[in-house]
Amino acid sequence: MMKKLHYLVVLGFFSILKLQAQTAPDKCALEIAEQSIKALGGKSRISAINNLQISGYGYKNAIEQSERFEGPYIPVNFNFKSVLDFKDTLEQYEEEQKFVIYSFGRKYLLDKNCVALKLPKGSFFPLAQNQSMQDDLYLNPLNILDKAINSSSLVCLKDTMIHGILNKRIKFLWNNYPVIISINQNTNLFTCVEIRKPYSNDYFNTWGDLNKVIYYSAWDLLENGVHYPRQKDIYFLGRLWETSMIMEFVINTPFSADSVRIPADIQQASMDFWKSNSSQIKKTMERKKEIAKDIWLIPGPCNSTVVKQNNELVIIESPNTSSNTDQIIEEAKKIFPGTSLNYIVTTSDAWLHCGGVRSAAANATVVALSANKQIIESLLKADFKTEPDIWQNMKIKKPKIKYVDMPTELGVGTNRIKLIPFRTETGERMMMVYFPEYKLLYASDLLQPSGFIEHYNWEVIQAVKREKLEVEKIY
């Protein structure tokens, strides 16, 4: 009995030690973080910075809608001005963008975790939480080490070579998301910061939990002697997404915090954005219409088409996200109750068109262009651990995928369809869908009635001529 009691006491002692180890930062990691704070300019100088105003220029790669998944990518040039208020956790970000033939400006506000557009006449428009803006404010080079030091999860990782230089690495959890800081062993300044979490801006919600890597370079001195990087390069999916360069920075300039605050009702709308967005998509779907016998156009962020062939259904496009595609499948079964879903066709590699392919794979055979195999399989392998979708929750994943590289017919009878790869310059990763009996053509994302780029429409016409299609209606 005494031996058993002694064993329990020893076990309890080691449990306490384990608990203490879990609630205290690693000493090695603390030392690395403190050395880096010193290299940046010291804690007192850093903590004296209440706000930072920066302005500069840069470019983004539109990896979500470029001509191919592996690039090259459409560049989006921008100039920016930003106010980062660390004291009141506010951010104002103004951007002037040039995207292909368009130029436009926007002013974004971040108040705690809520995001809104500030419109020219002073009104506000709620947006989804912009995790990239939150990273800029909460995990800024000026305050990220303080968050690391105050995290009980702070630990050392194995040193690694980056850009030919050995880097010390520390890791901690921020809002339960892992953050890794790599620190140049020679300078004790950051080389990069890695963050893993879901992102919703720029269609990144298509990919679930993402690794974001931010490289810092072109270091300079702020007016109080604190070091700060002028250049920032951001990578998603292992691809360069954004490069920016700061031309001017100023610390502790008086400004009105009230001018950056978001009204309470807009804050609530920002927090409820995705719930409201789902409701809005559902409401948009109510405008569905039958464009030919048993062929229904379902409007949405990206239009889909439901085709009844005998007692089976074909859906054209699995757009946007898994939840959006779930809604389309539900709507299709309402239109045609008692039918089975056979195929879901995705006609393009633009994320807006194929972003719901995980839901498609969970419900039917996916039909896609063979040139898009890389993005289709990458989406199916994506990790949705934080916000699981239907594909993530499936214990056994055995997708049925039919890849198309030449004109291919699906179904028989009046509502048969013919899938035809465009094989054009811009439409390299797209295919059109032809309904022979109705002389009806769906032209995917290449048809641009607004005259966005006239070459797109020219390519549609050339593909129709090449395939000798009789087309009376096109959508």
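Q: Contact means heavy atoms within 4.5 Å; which residues is D389 in contact with, leaving aside its neighbours within four places in sequence?
A: By that cut-off, D389 is in contact with S322, R358 and F384. Welcome to a predicted model, where local features need pLDDT of at least 70, side-chain atom pairs count only at pLDDT 80 or more, and totals for chains, interfaces and linings use all residues. Residues are numbered from 1 along each chain as its sequence is written, and side-chain values use heavy atoms, with hydrogens and water left out.

Q: Why does D389 count as buried?
A: Buried means under 20% relative accessible area, exposed means over 50%, and partly exposed is in between, with a 1.4 Å probe and protein chains only. D389 has 9% relative accessibility, so it counts as buried. You can find D389 in the loop between α11 (373-381) and α12 (390-393).

Q: What makes the approach of the side chain of D389 to the side chain of R358 a polar contact?
A: A polar contact is a pair of N or O atoms within 3.5 Å; within protein, one must be able to donate a hydrogen and the other to accept it, and residues adjacent in sequence count only if both atoms are side-chain atoms. The two side chains make such a contact at 2.6 Å. A polar atom of the D389 side chain also lies 2.8 Å from the backbone nitrogen of Q392.

Q: Why does P75 count as partly exposed?
A: P75 has 45% relative accessibility, so it counts as partly exposed. P75 lies in strand β2 (residues 75-85). Not counting residues up to four places away in sequence, P75 touches K60, N61 and K98. The C-alpha atoms of P75 and A62 are 6.2 Å apart, with the two residues 13 apart along the chain.

Q: How many helices and strands does the protein have, and what makes a run of residues one or the other?
A: There are 13 helices and 25 strands. Both are DSSP runs numbered from the N terminus: helices are H or I with at least four residues, and strands are E with at least two.

Q: How many bridges join β11 to β12?
A: Nine bridges join β11 to strand β12 (residues 227-236), and the two run antiparallel. Along them, Y216 stands opposite K232 and D220 stands opposite Y228. Together β11 and β12 form a hairpin with five residues between them, and G225 in the turn has a positive phi of about 90°.

Q: Which residue stands opposite Q231 in β13?
A: That residue is M245. Strands β12 and β13 (residues 239-251) pair in the antiparallel sense over six bridges. They form a hairpin with two residues between them, where L237 in the turn has a positive phi of about 55°.

Q: Why is one side of β21 and of β25 left without a neighbour in the sheet?
A: The open sheet has five strands in the order β21-β22-β23-β24-β25, with mixed pairing. β21 (408-410) and β25 (473-474) stand at the edges, each with a single partner strand, so one side of each has no neighbour in the sheet. Within this sheet, four bridges join β22 (residues 417-421) to β23 (residues 431-435), which run antiparallel, and K418 stands opposite Y434.

Q: What makes a space in the protein a cavity?
A: On a 1 Å grid over the protein atoms alone, a cavity is a set of points where a 1.4 Å probe fits but cannot get out, and its lining residues have an atom within 4 Å of a point. Grid points are joined across faces, edges and corners, and a volume is the space filled by probe spheres set on the points. A search of the whole structure finds one cavity of 30 Å³ or more. The largest cavity has a volume of about 30 Å³, and its lining residues include M285, I298, C302 and N324.

Technical notes. On a 1 Å grid over the protein atoms alone, a cavity is a set of points where a 1.4 Å probe fits but cannot get out, and a pocket is an open set with protein on both sides within 12 Å along at least five of seven lines; lining residues have an atom within 4 Å of a point. Two strands pair if DSSP finds at least two bridges between them. Contact means heavy atoms within 4.5 Å.
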